[in-house]
Amino acid sequence: GELPAAERGALAAGRLQGSLRADAAFQLGVWRSQGGDVAGAREAFARAVQIRPDSNSRAWSNLGVVNHQMGRFPAALACYLRALEIPGGDDPTTHFNIGKVQQDL
């Protein structure tokens, strides 16, 4: 669903901290992606992985997806591989996406 306006505002103002801030950035990325704003989604997912680089496999995977959509194939592959390194990130969809992006390299 859509990130509530208050959370979007707090995220934009930088008032959320730690994992809550990473979760808000991730949700903003999902919201933007669903709305067709691939560049905005990329920015939000990149913020989420910057905040929590070692524990946010879904954000890494989604960052890979938007990089792939934007034609940034090496970056997409790097994101997918990073997602697999995180405990709990060994997801069949990520393996499938790796195969897809390797075809485009």
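Predicted model: local features only at pLDDT ≥ 70, side-chain atom pairs only at ≥ 80, totals over all residues.
Student: How many helices and how many strands are in the chain?

Tutor: Reading from the N terminus on, the elements run α-α-α-α-α-α. Counted by type, the chain therefore has zero strands, and its helices number six.

Student: What share of the chain's residues count as buried?

Tutor: A residue is called buried when its relative accessible area is under 20%. Of the 105 residues of the chain, the share that counts as buried is 38%.

Student: With which residues is Leu 63 in contact, leaving aside its neighbours within four places in sequence?

Tutor: Contact here means that heavy atoms lie within 4.5 Å. With the neighbours within four places in sequence left aside, the partners of Leu 63 are Arg 42, Phe 45, Ala 46, Val 49 and Cys 79.

Student: Why is the pair of Phe 26 and Phe 45 described as tilted?

Tutor: The structure holds one aromatic pair. The ring centres of Phe 26 and Phe 45 are 5.6 Å apart, and their planes stand at 50°. Planes under 30 degrees apart would count as stacked and those over 60 as edge-to-face, so with its angle of 50° the pair is tilted.

Student: How many residues apart are Phe 26 and Phe 45, the pair that links distant parts of the chain?

Tutor: Both Phe 26 and Phe 45 are buried. Phe 26 lies in helix 2 (residues 18–34), while Phe 45 lies in helix 3 (residues 38–51). The pair thus links distant parts of the chain, and the two are apart by 19 residues.

Student: Is His 68 buried or exposed?

Tutor: His 68 has its place in helix 4. Leaving aside neighbours within four places in sequence, His 68 is in contact with Phe 73, Ala 76, Tyr 80, Lys 100, Val 101 and Asp 104. Because the relative accessible area of His 68 is 14%, and the cut-off is under 20%, His 68 counts as buried.

Methods: Residues numbered from 1 in each chain as written. Heavy atoms only, no water. Phe/Tyr/Trp six-rings, centres within 6.5 Å; stacked < 30°, edge-to-face > 60°. Helix = DSSP H or I, 4+ residues; strand = E, 2+ residues; numbered from the N terminus. Buried < 20%, exposed > 50% of the residue type's maximum accessible area, 1.4 Å probe, protein only.
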